[in-house]
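Reader: I'd like a close look at one part of this protein, the inside of its cavity. Could you walk me through it in plain words?

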Amino acid sequence: MANNSTLSKRAALRQQQEQDERSKRNKRLVFAGVGLAVAVLIVVLAIVIVQAVTAGRGVTADQQTPPNATAQYGILLDGTEPSADKPHLVVWEDFQCPACAAREAAYGPVVGQLLDDGKITVEIRTAYFLDGSKLDGTRVEDGDSKRAAIAAAAADSVGKYRAYHDTVYRNQPTEGVGYTNEQLRDAFATEAGITGDDLTTFQKLFDERAFDTFVRNADKQFQDDGIRSTPTYLVSGQQLQFADEAGNALIQPTADDFLRAVTEAWEKGGKKIES
C-alpha cells in the first residue's frame, strides 16, 4: 500500500506531465497560427501581384490615337466619315451609366441598322464622371469607366470598336460594382471576337493604357461642352428628346421613327456636322 509521500510524488508527476503536454499543445497551436498567417500573406501577395500585372505596367509615354478618332475625341462607328448628305449622330456616354445601357438596349440596334443602311453616320464620345472623386476633390484614377473607355479605344485599333462597345453594355454590372480588368482585358475581348495577334495587340495597348491621354481629352471635351448628363444624343447641335415631361415616348425604337427624329434635328440645326 502506497504511503502519502508516494501518492504526493505521483500527483506531482502527473501535474508536471499535464503541464508539459499543455505547453507542447500551445506551441503547436502557435506554430499552426503562424503558418496560417504566412499562407494567407502569400495568397494576398499573389493576388496583389496578379492584379498589378493585369492592371497594366503603368501609362506608356507612347500615347496613341484610335484610328477612327474625330477631332472632338469621339470614335466613328465602323470608321464611317460624316458627309453633308446625311445626319451625323453624336452620342455621349459613360460606360458605367445605367441609363446609357438601357438606351443602348432599346435604340442601339436601330442606330446600327440605320448606320448599316447608309442613312446616318455615328460617333461615340465617352466621359468617365461616374468614376467619382476622392475626398480631396481629385478624380479617381484608373476607374472603371475610364478603363472601359481605354479598352474600347484599344478595340478600335484592331477593328472591333463597335463589337466591343456593345459587349461592354451587354455585360454592365450593377451601378457601383464596376468592371474588372479580367473582364475588360480578356472576357469582353473574346466575346467581341478579338482573337490571335489582334488579341495580343489589344491586351498590350490596354495594359499600357496607350489611350489614356485620348480618353482624358474626351472627358475634358465633355466638361467643356457643358454636357449635363449621359446618355446625350446630338444631331447638328440639337439634342434628341426621347420623352416628354410626363414620360411619354417621343421617339419610338424603330428605324423609321428614329430616322424621322434625327432628320428633323439635322434640318433644324442647319444640316451641319455637330462639333
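Reader: How do the residues of the lining of the largest cavity divide into nonpolar, polar and charged?

Author: Bear in mind that this is a predicted model. The lining of the largest cavity splits into nine nonpolar residues, two polar ones and one charged one. Going through the names, you'll find Tyr73, Gly74 and Ile75, then Ile124, Arg125 and Thr126, then Ala149, Ala152, Ala153 and Tyr161, and finally Phe214 and Val215. As for where they sit, β3 (121-126), α3 (144-157) and α7 (212-224) are the elements that each give two or more residues to that lining. The volume comes out at about 60 Å³, and the structure holds one cavity of 30 Å³ or more.

How far to trust the model? Mean pLDDT for the chain is 85, with 76% of the residues at 70 or more. The stretch to watch is residues 29-56, where pLDDT stays under 50 and the model has 10 contacts beyond four places in sequence.

While you have the structure open, have a look at helix α8 as well. Its 14 residues, 255-268, reach 20 Å from the first C-alpha to the last, close to the 20 Å expected at 1.5 Å a residue. Buried in α8 are Ala255, Asp257, Phe258, Ala261, Val262, Ala265 and Trp266. In an α-helix, residues three or four places apart point the same way, because there are 3.6 residues a turn. After α8 comes glycine 270, with a positive phi near 80°.

Notes. Residues are numbered from 1 along each chain as its sequence is written. This is a predicted model: local features need pLDDT of at least 70, side-chain atom pairs count only at pLDDT 80 or more; totals for chains, interfaces and linings use all residues. Side-chain values use heavy atoms; hydrogens and water are left out. On a 1 Å grid over the protein atoms alone, a cavity is a set of points where a 1.4 Å probe fits but cannot get out, and a pocket is an open set with protein on both sides within 12 Å along at least five of seven lines; lining residues have an atom within 4 Å of a point. Grid points are joined across faces, edges and corners, and a volume is the space filled by probe spheres set on the points. Helices (H or I, at least four residues) and strands (E, at least two) are DSSP runs, numbered from the N terminus. Ala, Val, Leu, Ile, Met, Phe, Trp, Tyr, Cys and Pro count as nonpolar, Asp, Glu, Lys and Arg as charged, and the others, Gly among them, as polar. pLDDT is the predictor's confidence in each residue, from 0 to 100. Contact means heavy atoms within 4.5 Å. The expected span of a helix is 1.5 Å times one less than its number of residues. Buried means under 20% relative accessible area, exposed over 50%, partly exposed in between (1.4 Å probe, protein chains only).
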